Protein chains: 2
Amino acid sequence: MTERIQKKEYLNKIMTAMEAASLIKDGMTIATSGFTPAGYPKEVPKALAERIKREGTGLKINLFTGASVGDELDGELARAGAIKRRLPYQTQKDCRDKINCGEIDYIDMHLSHVSDFVRYGFLGKVDIAIIEAIAITEEGYIIPSTSLGNTPAFVENAEAVIIEVNTRHPKELQGMHDIYQPLKPPNRKPIPIISPKDRIGDTFIKVKPDKVKAIVLSDIPDSVKSFPSIDETSQQMADNLIGFLENEVKKGRLPENLLPLQSGVGSVANAVLGGLVKSKFCNLSIYSEVIQDSVLDLIDSGKVNIASGSSLTLSPKGMERFCNNIKEYKSKIILRPQEISNSPEVIRRLGVISMNTAIEVDIYGNVNSTNIMGTKMMNGIGGSGDFTRNAFISIFTTPSTAKAGSISSIVPLVSHCDHTEHDVQIIITEQGVADLRGLSPKEKAKAIIDNCVHSSYKDMLREYFNKQMNKCHISHRLDEALSWHYKFLQTGTMKNS
Amino acid sequence: MTERIQKKEYLNKIMTAMEAASLIKDGMTIATSGFTPAGYPKEVPKALAERIKREGTGLKINLFTGASVGDELDGELARAGAIKRRLPYQTQKDCRDKINCGEIDYIDMHLSHVSDFVRYGFLGKVDIAIIEAIAITEEGYIIPSTSLGNTPAFVENAEAVIIEVNTRHPKELQGMHDIYQPLKPPNRKPIPIISPKDRIGDTFIKVKPDKVKAIVLSDIPDSVKSFPSIDETSQQMADNLIGFLENEVKKGRLPENLLPLQSGVGSVANAVLGGLVKSKFCNLSIYSEVIQDSVLDLIDSGKVNIASGSSLTLSPKGMERFCNNIKEYKSKIILRPQEISNSPEVIRRLGVISMNTAIEVDIYGNVNSTNIMGTKMMNGIGGSGDFTRNAFISIFTTPSTAKAGSISSIVPLVSHCDHTEHDVQIIITEQGVADLRGLSPKEKAKAIIDNCVHSSYKDMLREYFNKQMNKCHISHRLDEALSWHYKFLQTGTMKNS
Ligand SMILES: CC(C)(COP(=O)(O)OP(=O)(O)OC[C@H]1O[C@@H](n2cnc3c(N)ncnc32)[C@H](O)[C@@H]1OP(=O)(O)O)[C@@H](O)C(=O)NCCC(=O)NCCS
Ligand SMILES: CC(C)(COP(=O)(O)OP(=O)(O)OC[C@H]1O[C@@H](n2cnc3c(N)ncnc32)[C@H](O)[C@@H]1OP(=O)(O)O)[C@@H](O)C(=O)NCCC(=O)NCCS
């Protein structure tokens, strides 16, 4: 134990998860570590859920995290009915269901905004930060675990801190983090990153000792699932994307080794990263959010020299692989707070190529990343806005249809808009690529319909587009613009009967 | 003449506007200086329009500018049918009409993106840059006139350059500009501005002498109109806005002297700046786009120490006032390229307070800044996205109704989305203020309906919102979401008959 908790004065703060959970009161705002199912606290939320179920008090909290977290946190607390308000991103089914039945108030924020909003006092006071760590040093510094997320800002701004020291994570993670905290305006300085490999901060988080109210031991692993094997559609989208990048190099618009890559999560993202392993690109770099298994492949193949992100989100197999070669990987991976991994300043400076997945896209290039049929939250916008707006080239991928073809992912008008026509440059489906740079709305519509739409919807969309007799900048019939979605909700398909 | 054109070798490049206009061929991309009706070329476009009318050749160009420009450029060329493609912003009636009848392809871009898109080759090659200057130095450096816009990047990337030396502008403008050009990734460095007053570049633009194909003399003034007097609605919105800022100071979320202010253009913006003159705030700074007459008032009243923008857009009266006290104003005003005035990096670092006007807002906090009824372009997004997304606090103002009350500016769903729910924090109408920070969509809807909607639409919006029986994250009936707009188009009013 003293190996993981080196500050002697902290040893008497060790308590059971249940004891720590008893510090949490109804109405509190609890801010935790965790970014994608990596580095989130597990024991205390589980104990809290258990306590709530046992006591039946109906205790509810506001839960702030880095991004999505594992079932031990979002799942347990959602099922216990303990979440009143949730931000900024989630992917857990029970949590999502409660958001969609109106039980949880969900605030869907750009990931780069969260630390600032807390720092500026816009989200009220944070009562307790619960932080997963791999160790606490002699000086009392916290060594975070597999992610950074908003942890530094949460620790700084919370009134009290609970630390879960997780002995399951290898101690050797120490040194991977690069923790830089911007000051508040008007005293803020440039973030001095000029290359993805730059280290600009500390490897630990400082905390006022009297804020630390509990230390809990844990050895529960992050619950990261392996990706299913790559399906044909994803492979085709990945091929189209890599073909597009190759062409940009040929045209002299991108250097041979591209520019730093950002990639969303999900099966397409996975296929793209897989495709890069087989491509002839080399000396690549990654400036993204999530370091997943496929990044290890890219490092192993010698394609990627440096990968910067906010979380190390590895499947159990990936983690084993990581541990077996930890020194090599440590020299090529940097974990940063999400306000730095997702910083508009750094993304625009580095010229990041952003690659994210859309739920649906409209013919004018607006993208819906969040709300199915405009009303049901899927996950949230995550970092897709931070990257898309500031990217050198912003790319969205989506299969041309969803739900076995009954939905066209390309619609007349998105039912919810997360990325506007001003931000979206390239649309890629398994059908092809639409390059929207420098096009007017009507030219965009032609490019998207011709290149990206599935054959079973092409004529319908052409008809919608051509029928607009009203000459305007953007052609819409407002009584029909959302009729595809409405028809789906009424009949179960967007197709004409 | 040699006072304004000091480089001797350039004297033999002086020619008439008509001679210079003859360099322009069908299909060319012409990129000009100009940002709001300030600092745009006037003689050459007028001559070009005349030539086209005379020759009847149907010559058409792609026209890129900084932002909106005066009638001599957008108006003359639009009326001559000479514009095929236009970006990134315009406000001229004839140009707008041709966009809305489908004759001009308009690309509505974030102002901060334009220089990069040109530099990266995303918009094809720029054939000729036409730049208004106040002088050319002995070294051949261009001293720009009343705006900077994209001028440095256009000069750098164009194949040829035409300079209009405008003797109407006072020579003393020299020294006001601060010209900094970012390198292309991967070599880009931090933009070293840490305060609105920081000067980081040159006061002139360098150009390869052999690129300069023509120099034309001009003495046409910028066509800036004075603002009409402030109406009651604008005054009430301004009062609400200043009240909001005062409360933020009281709550400790803003310093006493606020943070750098950005303000859109238009009558509300004008009323707000006027309101600040009368307020008790002092030691203010401005980090914005347009320095308009009211900024002179703020400087004169000692309220503002420094104003940074991309253009000096003064009415004839304002310009007279400026000239009478040029030394004082020059020490307090800096003109920057629009990629710097609108830089996400600098805006987020400085913590700018953004204040822009919306065409319409929906109950979930999405904002339409551009397209009336989702189809007819008004002006364009301009810099509103650059500021809103990166602001310390992002504010939108709009009168609660338009067209004599027949339109509610607050609707169930915006008919076009320029700023998403993720970006918009504060909505202000003459009715009141809705603070959306940290609220879920349904809470936002309540805040907006309760505080901002006009009494004649309040019950209707409440009914729309409450009727949604489907429990979702966001409540919409997709068959009704755009029905308010549709009804207006059919009946001329959004009100129930
Ligand atoms: C958009 C996003 C949900 C896609 O995720 P994915 O795993 O690649 O995609 P899937 O194909 O599995 O789609 C997810 C679900 O949405 C459904 N869906 C996809 N497109 C749809 C559409 N147009 N209409 C209705 N449903 C749709 C799928 O059917 C699937 O539903 P299911 O869970 O019931 O099977 C995901 O990328 C996301 O959350 N993006 C926003 C955040 C982001 O971009 N992060 C990256 C930077 S942080
Ligand atoms: C939104 C914007 C057009 C408002 O301009 P303004 O001068 O303050 O507003 P006005 O009230 O005069 O409205 C302009 C027109 O839109 C109409 N309008 C306003 N709201 C409307 C609505 N909800 N529905 C239909 N028409 C509407 C007005 O009636 C007026 O029409 P008119 O010219 O036929 O009289 C202007 O602020 C803009 O272009 N914004 C986008 C760019 C920007 O924000 N720039 C700032 C940073 S660059």
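A residue is taken to be near a ligand if one of its heavy atoms lies within 4 Å of that molecule. By this criterion, in the predicted model, 20 residues surround ligand 1, and the closest are E289(A), I359(A), N379(A), G383(A) and K403(A). An oxygen atom of ligand 1 lies 2.7 Å from a side-chain N or O atom of N379(A), and an oxygen atom of ligand 1 is 2.8 Å from a side-chain N or O atom of K403(A). Y89(A) also takes part, with a side-chain N or O atom 3.1 Å from an oxygen atom of ligand 1.

Ligand 2 is likewise surrounded by 20 residues, the closest being E289(B), I359(B), N379(B), G383(B) and K403(B). The side chain of N379(B) places an N or O atom 2.7 Å from an oxygen atom of ligand 2, and a polar side-chain atom of K403(B) is 2.8 Å from an oxygen atom of this ligand. The backbone contributes as well: a polar backbone atom of I359(B) is found 2.9 Å from a nitrogen atom of ligand 2.

The interface between the chains was examined next. In chain B, 76 residues are in contact with 76 residues of chain A. The two chains bury about 6,600 Å² between them, and 58% of this area is on carbon and sulfur atoms. On the side of chain B, the residues that lose the most area to chain A are R389(B), H422(B) and L478(B), which together account for 12% of what that side buries.

Polar interactions across the interface of chain B and chain A comprise 34 residue pairs in polar contact, with both residues at pLDDT 80 or more. The rule for salt bridges finds 4 across this interface. In one salt bridge, the side chains of E345(B) and R349(A) meet at an N to O distance of 3.1 Å. Seven elements of chain B, namely helix 4 (93-100), strand 4 (105-106), helix 13 (344-350), strand 19 (376-377), helix 14 (384-390), helix 15 (441-452) and helix 17 (483-491), each supply at least two residues of the side that touches chain A. Helix 13 of chain B provides the largest share of that side, 5 residues. By residue class, the side of chain B that touches chain A divides into 32 nonpolar, 22 polar and 22 charged residues.

Chain B contains an open sheet of 3 strands in the order 17-16-23, with mixed pairing. Strand 17 (367-368) and strand 23 (410-411) of chain B stand at the edges with a single partner strand each, so one side of each is left without a neighbour in the sheet. Strand 16 of chain B, residues 360-362, pairs with strand 17 of chain B in the antiparallel sense over 2 bridges. Within this region, E360(B) stands opposite N368(B) of strand 17.

Some backbone features were also noted. Most residues other than glycine have a negative phi, and most peptide bonds are trans. In chain A, a cis peptide bond with omega of about 10° joins P185(A) and P186(A); P186(A) is in the loop between strand 7 (158-166) and strand 8 (212-218) of chain A. In chain B, P185(B) and P186(B) are joined by a cis peptide bond with omega of about 10°, and P186(B) lies in the loop between strand 7 (158-166) and strand 8 (212-218) of chain B. L258(A), although not a glycine, has a positive phi of about 60°. L258(A) is located in the loop between helix 7 (232-250) and strand 9 (261-263) of chain A.

Definitions and conventions: Residues are numbered from 1 along each chain as its sequence is written. Chains are lettered from A and ligands numbered from 1 in the order in which they are written. This is a predicted model: local features need pLDDT of at least 70, side-chain atom pairs count only at pLDDT 80 or more; totals for chains, interfaces and linings use all residues. Side-chain values use heavy atoms; hydrogens and water are left out. Contact means heavy atoms within 4.5 Å. Buried area is the accessible area (1.4 Å probe) that two parts lose on being put together, summed over both. A polar contact is a pair of N or O atoms within 3.5 Å; within protein, one must be able to donate a hydrogen and the other to accept it, and residues adjacent in sequence count only if both atoms are side-chain atoms. Helices (H or I, at least four residues) and strands (E, at least two) are DSSP runs, numbered from the N terminus. Ala, Val, Leu, Ile, Met, Phe, Trp, Tyr, Cys and Pro count as nonpolar, Asp, Glu, Lys and Arg as charged, and the others, Gly among them, as polar. Two strands pair if DSSP finds at least two bridges between them.
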